[in-house]
Amino acid sequence: MNDWYQRMVDALQLNGKGERTQQAYTRSVRMLSQFYGKTPDLVTEQELQEYFLQRKNVNHWSPKTMRICYCGIRFFYEKVLQRNWHILGILRAQNERRLPAVLSVEEVRSLFAHIKTFHNYAYLSTVYSCGLRLHEGLHLEVSDIDSSRMMIHVHRGKGAKDRYVPLPQSTLQLLRRYWVTHRHPRLVFPALGRNGKGAPQALTPMAKSSVQGAFRHAKFAAAIGKKGVAVHTLRHSYATHLLEAGVNLRVIQRYMGHTQLETTMLYLHLTQKGHEDACQLINHVMEGLDHDLHQ
């Protein structure tokens, strides 16, 4: 079954899965195939069970990694090979409740102060100020910038969902200044090329590894020692800072492109503002209570 990969990609596309999901799912089946040294159609149900137990109990894969493993392999055997195996119906990964790292407004400013190149500064500032995912920022196009409405149209969101996000005036001015440096007719952040002069003719956006490297260098230079801080942390920080500024949770949900409000409610755990406000209100309500009780 040498064509298993293409058959799976075709099925994933027909099922409406995004490109990154396609990559993750096919990788999970490829790893299974490599583990047993044979094509995945020759793997038995017993071998599949042993593989899952190996990854969970011996390799100690995280719940998130196990979930991707389960989903990809289940999709292949159920939708491509049409196998009705018992093991596929009992797969469940543990729910992981890890809170993401978040930077304070001061830490974000310190980080940006240590970004050395204009193209990385423009990109990372846009990601933070508009709450974008890494790939959403890289693939921004000139036509996505609606300066009359001061909005950005995000076409390539997670799950193929479009959304509009507010475009701060300062970010618009920054993007205009940056675009003048390359004047690419389509891409906002085109690849610069090896000599740094290839942006006007670039066919692709800046490399993901390039902006990630710039972020890491700025993080170390700013002496930010929090664990788990990466480019995506800017998106979490954006949502948390909006919440602290008093923006309604439903509005933040729309800007973030979350399908479920529960996903957005995660940011309630990342801020002390609501807690501090509640404590002040409770103190105000309870003022004089002890005096009343002893009257």
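Two residues are in contact here when heavy atoms lie within 4.5 Å. Keep in mind that the model is predicted.

**The whole chain**

Start with everything shown. The chain holds 15 helices and three strands. Of its 295 residues, 42% are buried. Now think about contacts between residues at least 6 apart in sequence: 55% of them join residues at least 24 apart.

**Helix α2**

Select residues 19-36, which form helix α2. Its 18 residues should span 26 Å at 1.5 Å a residue, and the end C-alpha atoms are 26 Å apart, so the two agree. Colour the buried residues next: Gln-22, Tyr-25, Thr-26, Ser-28, Val-29, Leu-32 and Ser-33. Look down the axis of α2. The buried residues fall within an arc of 145 degrees, so they line one face of the helix. Turn to the other side of α2 and you find Glu-19, Arg-20 and Gln-34 exposed.

What covers the buried residues of α2? Show α1 (4-14), α3 (45-58) and α4, which are included in the cover. Then step past the end of the helix. Gly-37 follows α2 and has a positive phi, near 70 degrees.

**Val-80**

Select Val-80, in helix α4 (residues 63-80). Its relative accessibility is 10%, so Val-80 counts as buried. Which residues is Val-80 in contact with, leaving aside its neighbours within four places in sequence? They are Arg-7, Met-8, Ala-11 and Phe-75. Leu-12 and Val-80 are 68 residues apart along the chain, yet their C-alpha atoms are separated by 9.3 Å.

**Helix α6**

Move to residues 105-113, helix α6. Val-108, Leu-111 and Phe-112 are its buried residues. They cover an arc of only 95 degrees around the axis, which puts them on the same side of α6. The face turned away from that buried side carries the exposed residues Glu-106, Arg-109 and Ala-113. Now bring in the cover over the buried residues of α6. It includes α7 (118-130), α10 (208-221) and α11 (231-244).

**His-241**

Stay with α11 and pick His-241, which lies in that helix. Is His-241 buried or exposed? Its relative accessible area is 11%, under the 20% cut-off, so His-241 is buried. Setting aside residues up to four places away in sequence, His-241 touches Leu-103, Ser-104, Val-105, Val-108 and Tyr-128.

**Helix α10**

Select α10 next. At 1.5 Å a residue its 14 residues should span 20 Å; the end C-alpha atoms are 20 Å apart, which agrees. Val-211, Gly-213, Ala-214, Phe-215, Ala-218 and Lys-219 are buried in this helix. The cover over the buried residues of α10 includes α6, α7, α8 (134-138) and α11. After α10 comes Ala-223, with a positive phi near 55 degrees.

**The sheet**

Switch to the strands. Three of them form an open, antiparallel sheet in the order β1-β2-β3. β1 (145-146) and β3 (163-166) stand at the edges with a single partner strand each, so one side of each is left without a neighbour in the sheet.

Zoom in on β2 (residues 151-154) and β3. They pair in the antiparallel sense over four bridges. Find Val-154: it stands opposite Arg-163 in β3.

Show the side chains of β3. In a regular strand the side chains alternate between the two faces of the sheet. Along β3, Arg-163 and Val-165 point to one face and are buried.

For the last stop, select Val-142, Ile-145, Ser-147, Leu-172, Leu-175, Arg-176, Trp-179 and Val-188. These residues line the second largest pocket. Its volume is about 210 Å³. Which helix gives the most to the lining? Highlight helix α9 (residues 169-179), which supplies four residues.

Key:
Residues numbered from 1 in each chain as written. Predicted model: local features only at pLDDT ≥ 70, side-chain atom pairs only at ≥ 80, totals over all residues. Heavy atoms only, no water. Pairing = 2+ DSSP bridges. Helix = DSSP H or I, 4+ residues; strand = E, 2+ residues; numbered from the N terminus. Buried < 20%, exposed > 50% of the residue type's maximum accessible area, 1.4 Å probe, protein only. Arc of directions from axis to C-beta. Expected span 1.5 Å × (residues − 1). 1 Å grid on protein atoms, 1.4 Å probe; cavity = no way out; pocket = protein on both sides within 12 Å on 5 of 7 lines; lining within 4 Å. Points joined across faces, edges and corners; volume = space filled by probe spheres on them.
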